[in-house]
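This report covers aromatic contacts and a nonpolar surface patch. Sequence and structure come first.

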Amino acid sequence: MLNGLRRVFQIPELKTKILITLLLLAVCRLGSFIPVPGINGEVAVSFFRHATGGSQNLFQMVDIFSGGAFSQMTVIALGVTPYISASIIMQLLVALVPSLQRDLRENGDAGKRKINRWTRFLTIVLSFLQSALFAKYALQINLSRPGIVAGELLDITAFGLPWLFYLITIATMTTGTMFLMWVGEQITERGIGNGISLIICLGILSQIPTAMGLIFQQLNLDSQEPGQMNFSTILVLISVFVVVTLATILVIQGHRRIPLQHARRVVGRKEVQGGSSYIPLKINYAGVIPVIFASSLLMFPATLGTFVGRGNWLGEVANWLSPGGPLYLVLFVALIIFFTYFWTATQFRPDQIASDMKKNGAFIPGIRQGKPTQDYLESTMNRVTLLGAVFLALIAILPTMIGSVLGVPPTISYFFGGTALLILVGVVLDTMKQVESHLLMKRYDGFMKKGRVRGR
């Protein structure tokens, strides 16, 4: 392991990519400590602690995804959720609108740039909407907890509305989201790993010390009185942590091998003998993207409903979609399965694989080349994806169910498994895979010694 780390920093290009990634992530983290002008972050944090209470709450999930920026009402309080929501909408539009599919297929990079432009524009619209509702919600809670919003901003009104406060909040939070989106794209392009996923991971990791502190508080070690948690509960949570981590690695890394046979063919003046190989069909082709998409999609309407307030249909939706509730869990599982299939269908191309196999003289034993091979690959991938999607959904909701049975606060159970751990493990595996590819290109052995092909 140590030799692998040393080899990583011996490659100038890879070293530069890692340093750029760390620097940009550090800049993102600084944004979570800069409050929106006119908002008292300390008063806001105390209010959110009172609002979350001991039960699972929407605010906790949003705050974890934003790395604590949401509860402090900072410039990046919205996080990358608007960008993820915009990406989901554009992915659905590409799948449903034939003209967009044709544009992507015929124009290639130009079509992708067009989709990216529309995604950025939609991100601005969603950020504008959410930040406006955020400002409205801040004014509501300022009535019950005065001091969150500076009085000077409330004095400047027009048509009965503090327009200056709305303007500052909308402009600041929208700019913060666009900045995070730009940083994520820069990390993906110039650094290592997927930028948006790494930003989400950074937010989750930043909340782990808070969860650890809450565990010691629940154990009540400073007093003779029994705490709300005991060591047997901690042991169960650690067991869940290990099981979920191992299961996540197995689901993400697991694949089914489709055997291939190669016919004899002439390359130049030499005849190449046929041989055998295989096509690895991943059990979970989409990785942790379905979990990120499902969480963001459920948070978006619930966040709007919470900001608007009770007494209307959006407020009722927010109440129904409360994290940990029966409807939330059912929709969460259904969305994970849907997005697993959706992402696999948009990224996995059995027609292209079948065409390449025919050109190279490869075939699946017992299956004819061309359309039969394409149908076989598609049906096999569908069956494998179902298994991976169900396992992914079960892993995502297992800690929530165990936490409710044991009476563990959601802030603690959230970090010992489920959505947060799935995202962390998945992103770490993806980043390590990219590091591996750089090491193997430079003819190094790789980051890990066991279980992989040597580079030399």
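## Aromatic contacts and a surface patch

Phe339 is buried, because its relative accessible area is 2%. Buried means under 20% relative accessible area, exposed over 50%, and partly exposed in between (1.4 Å probe, protein chains only). The model is predicted: local features need pLDDT of at least 70, side-chain atom pairs count only at pLDDT 80 or more, and totals for chains, interfaces and linings use all residues. Residues are numbered from 1 along each chain as its sequence is written, and side-chain values use heavy atoms, with hydrogens and water left out.

The structure holds nine aromatic pairs. One of them joins Phe338 and Phe339: the ring centres are 5.2 Å apart and the planes stand at 65°, so this pair is edge-to-face. Rings of Phe, Tyr and Trp (its six-membered ring) pair if their centres lie within 6.5 Å; planes under 30 degrees apart are stacked, over 60 edge-to-face, the rest tilted. Ring pairs link Phe293, Phe338, Phe339, Phe342 and Trp343 into a cluster.

| Residue | Relative accessible area | Class |
|---|---|---|
| Phe338 | 40% | partly exposed |
| Phe339 | 2% | buried |
| Trp182 | 44% | partly exposed |

Trp182 lies in helix 9. Leu23, Val27, Phe179 and Trp182 make a nonpolar surface patch of about 380 Å². Helix 2 (12-31) and helix 9 (163-190) each supply at least two of the patch residues. Patch residues have over 30% relative accessible area and no salt bridge; nonpolar side chains (Val, Leu, Ile, Met, Phe, Trp, Tyr) are joined within 5 Å, like charges within 9 Å.

Methods
Accessible areas come from the Shrake-Rupley method with a 1.4 Å probe; for residues, only the protein chains shown count as cover. A salt bridge is a side-chain nitrogen of Lys or Arg within 4 Å of a carboxyl oxygen of Asp or Glu. Helices (H or I, at least four residues) and strands (E, at least two) are DSSP runs, numbered from the N terminus.
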